[in-house]
Amino acid sequence: MTERRKKSKERRSSVALASFLLLQATAAVFFVGDAASELFQDPGEPHSVFEGLVSVALIVGVAVGIWQLRVTLARMAAQERALETARGSLADVIDAQFAAWKLTPAERDVGLFALKGLDVAQIAEIRGAAAGTVRAQLTRIYAKAGVSGRAQFAAWFVEDLLQAGLEMELPERQRA
Amino acid sequence: MTKVQNRTRAGGTIVPPDPWDPLVRITHWLIALAVLCNGLLNKGGGTWHVWIGWGVLAVLALRLAWGLVGPAEARFSAFPPAPRAAIAHLRDLLRGRPREHRSHNPAGALMVYALWGSLAVITLTGLVMTDAQSPVTLAEQKAAVAAGDWSALAAAPPTGNNEAIKDVAEEIHEVFANFLLILAGLHVAGVAIESRALRRNLLRPMLLGSRKP
């Protein structure tokens, strides 16, 4: 949720940057055009020299704006990639751990749904199975994983991501 | 996680940017607006026409610079002009099986270059027709003349001997303006047809900034 909000904020800022860049470029073209025609008519005037200087400043401003927008967009793309990689590698971690716990294919499916936050009734509906079957499968999964229930089961995978902050407080954990 | 899986499952096809970057989007719609204004609403010339024309010059210059240094999809290198590939793409489109492309499709790329070329010709001939006087100068002159100060016209660059060049410029200006309007119509039709064939709304990424509705 916060990730999404941050992303949309960044996106808005890139739109604002692009709009400002356009305004700047338009102003630069108008000013440079006007200054050039005056410079053409009476070159060497202090006024023309001044306008020339402002023209250069405007053009440099546009160039800097282009560079800034480019950097912002590149950073947004990198974040997107990083997020996808994180999602992808979490999926790999889950797959590997399910295999280590020797879950059956059916149990893997049910386990994945459970991790995604679906309740027994929903899982049963998706799999076209009886609620009792799903409940029994979940119990076997928890037993194989050596966890007390759903909360601990989900925490098993989340804990790694949070470990950095809690390392000092938590005792060494035993893993199956 | 499901997103990644879905994407790999759909795999092989190259999905174009959704959205296009903000600079591409904003310049696109500003140019569209300017073409509608100057091509259909105030064709006749006049100060507003010149203001908008100079604006187009700025927007076009910025977009072309972006074509050199922008993100990969916005760069010229992502959509080189390739007439043969364009014809192949149109043939696929007629069969209803166009391929996905990361940036503009080859036919769209040709359209882009034709549009940019026409815009360049139109703005440059427009400059010739107005002696490259900025709209600011033109407006000042008009105001001075309206106030009864005819000397403003005398200060303007001499126009006598290049009257013939201006006539030619005007001719080219008008021909390319009509050409541009035809191209714009074809462009809209192309987007509509391609959207149908790909079963994907191609207008959305150009219009909106978000990936999801």
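## Aromatic clusters and pairs

In chain A, ring pairs join A:Phe98, A:Trp101, A:Tyr142, A:Phe153 and A:Trp156 into a cluster. The model is a predicted one. Over all chains, a search of the whole structure gives 14 aromatic pairs. One example is B:Tyr113 with B:Trp116: the ring centres are 5.8 Å apart and the planes stand at 80°, so this pair is edge-to-face. The cut-off for that class is over 60 degrees.

Both partners sit in helix α5 of chain B, residues 106-129. B:Tyr113 and B:Trp116 are 3 residues apart, about one turn of the helix. Their accessibility classes are as follows. B:Tyr113 has 23% relative accessibility and counts as partly exposed. B:Trp116 has a relative accessible area of 15%, so B:Trp116 is buried; the limit for buried is under 20%.

## Interface of chains A and B

The contact involves 32 residues of chain B and 25 residues of chain A. Together the chains bury about 2500 Å². Of that area, 72% is on carbon and sulfur atoms. Polar contacts amount to 2 residue pairs, both residues at pLDDT 80 or more.

## The chain B side

Four helices, α1 (2-9), α2 (22-41), α3 (46-69) and α6 (135-146), are the elements of chain B that each give two or more residues to the side touching chain A. The most comes from α3(B), with 10 residues. By residue class, this side of chain B divides into 18 nonpolar, 8 polar and 6 charged.

Conventions. Residues are numbered from 1 along each chain as its sequence is written. Chains are lettered from A and ligands numbered from 1 in the order in which they are written. This is a predicted model: local features need pLDDT of at least 70, side-chain atom pairs count only at pLDDT 80 or more; totals for chains, interfaces and linings use all residues. Side-chain values use heavy atoms; hydrogens and water are left out. Contact means heavy atoms within 4.5 Å. Buried area is the accessible area (1.4 Å probe) that two parts lose on being put together, summed over both. A polar contact is a pair of N or O atoms within 3.5 Å; within protein, one must be able to donate a hydrogen and the other to accept it, and residues adjacent in sequence count only if both atoms are side-chain atoms. Ala, Val, Leu, Ile, Met, Phe, Trp, Tyr, Cys and Pro count as nonpolar, Asp, Glu, Lys and Arg as charged, and the others, Gly among them, as polar. Rings of Phe, Tyr and Trp (its six-membered ring) pair if their centres lie within 6.5 Å; planes under 30 degrees apart count as stacked, over 60 as edge-to-face and the rest as tilted. Buried means under 20% relative accessible area, exposed over 50%, partly exposed in between (1.4 Å probe, protein chains only).
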